[in-house]
Amino acid sequence: SDVCSSDLVKTDSKDQYAPTRRFYNKCGFKLQAVLPGYYDDNDNCCIYALDLTEKDALGLFPDEYVAAE
């Protein structure tokens, strides 16, 4: 069976969403892709992923939910 090993979120690249991007980074999400002009000509879509196979440094995921290698 397939196991979900990451969680994806997306947000806007405009300055007003900088706090959102910082929050995702602080929670362990890593920028995976930028889709230029997704929302508007000068407004990109930023896609972040959280690796669910690694132990979460913030302790958000109990050990029993961490996928075994």
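Student: Where is L31 found?

Tutor: L31 is in strand β2. A strand here is a DSSP run of E with at least two residues, a helix is a run of H or I with at least four, and both are numbered from the N terminus. The model is predicted: local features need pLDDT of at least 70, side-chain atom pairs count only at pLDDT 80 or more, and totals for chains, interfaces and linings use all residues. Residues are numbered from 1 along each chain as its sequence is written, and side-chain values use heavy atoms, with hydrogens and water left out.

Student: Why is L31 called partly exposed?

Tutor: Buried means under 20% relative accessible area, exposed means over 50%, and partly exposed lies in between (1.4 Å probe, protein chains only). L31 has 45% relative accessibility, so it counts as partly exposed.

Student: What makes K30 exposed?

Tutor: K30 is also found in strand β2. Its relative accessible area is 53%, which is over 50%, so K30 is exposed.

Student: Which residues does L31 contact, and what makes them contacts?

Tutor: Contact means heavy atoms within 4.5 Å. Beyond its neighbours within four places in sequence, L31 is in contact with C46, I47 and Y48. K30, with the neighbours within four places set aside, contacts I47, Y48 and A49.

Student: How far apart are the C-alpha atoms of L31 and A49?

Tutor: They are separated by 6.6 Å, although the two residues are 18 apart along the chain. For K30 and L50, 20 residues apart along the chain, the C-alpha separation is 6.5 Å.

Student: Why is Y48 called buried?

Tutor: Y48 lies in strand β3. Its relative accessible area is 4%, which is under 20%, so Y48 is buried. Apart from residues within four places in sequence, its contacts include D7, V9, T11, Y24, F29, K30 and L31.

Student: What makes T11 buried?

Tutor: T11 has 5% relative accessibility, which is under 20%, so T11 counts as buried. T11 belongs to strand β1 (residues 6-12).

Student: Which residues form the largest nonpolar core, and why is it called a core?

Tutor: A nonpolar core is a set of buried Ala, Val, Leu, Ile, Met, Phe, Trp, Tyr and Cys residues joined through side-chain atoms within 4.5 Å. The largest one has 6 residues: Y24, C27, F29, C46, Y48 and L50. Strand β3 (residues 43-51) gives the largest share of this core, 3 residues.

Student: How many aromatic pairs are there?

Tutor: The count comes to 4. In one of them, Y24 and F29 have ring centres 5.4 Å apart and planes at 55°, and the pair is tilted.

Student: Why is that pair called tilted?

Tutor: Rings of Phe, Tyr and Trp (its six-membered ring) pair if their centres lie within 6.5 Å; planes under 30 degrees apart are stacked, over 60 edge-to-face, and the rest tilted.

Student: What makes the pair of Y38 and Y39 edge-to-face?

Tutor: The centres of Y38 and Y39 are 4.8 Å apart, and the planes stand at 85°, which is over 60, so the pair is edge-to-face. At 44% relative accessibility Y38 counts as partly exposed, and Y39 counts as partly exposed at 38%.

Student: Which residues do ring pairs link into a cluster?

Tutor: F23, Y24, F29 and Y48.

Student: Why are L35, Y38 and Y39 called a nonpolar patch?

Tutor: Like charges are joined within 9 Å, and nonpolar side chains (Val, Leu, Ile, Met, Phe, Trp, Tyr) within 5 Å. Y38, at 44%, is over 30%, and so is Y39 at 38%. L35, Y38 and Y39 together have about 280 Å² of accessible area (Shrake-Rupley method, 1.4 Å probe; for residues, only the protein chains shown count as cover).

Student: What pattern does the protein chain follow along the sequence?

Tutor: The pattern is β-α-β-β, from 1 helix and 3 strands. Of the 69 residues in the chain, 22% are buried.

Key:
Salt bridge = Lys/Arg side-chain N within 4 Å of Asp/Glu carboxyl O.
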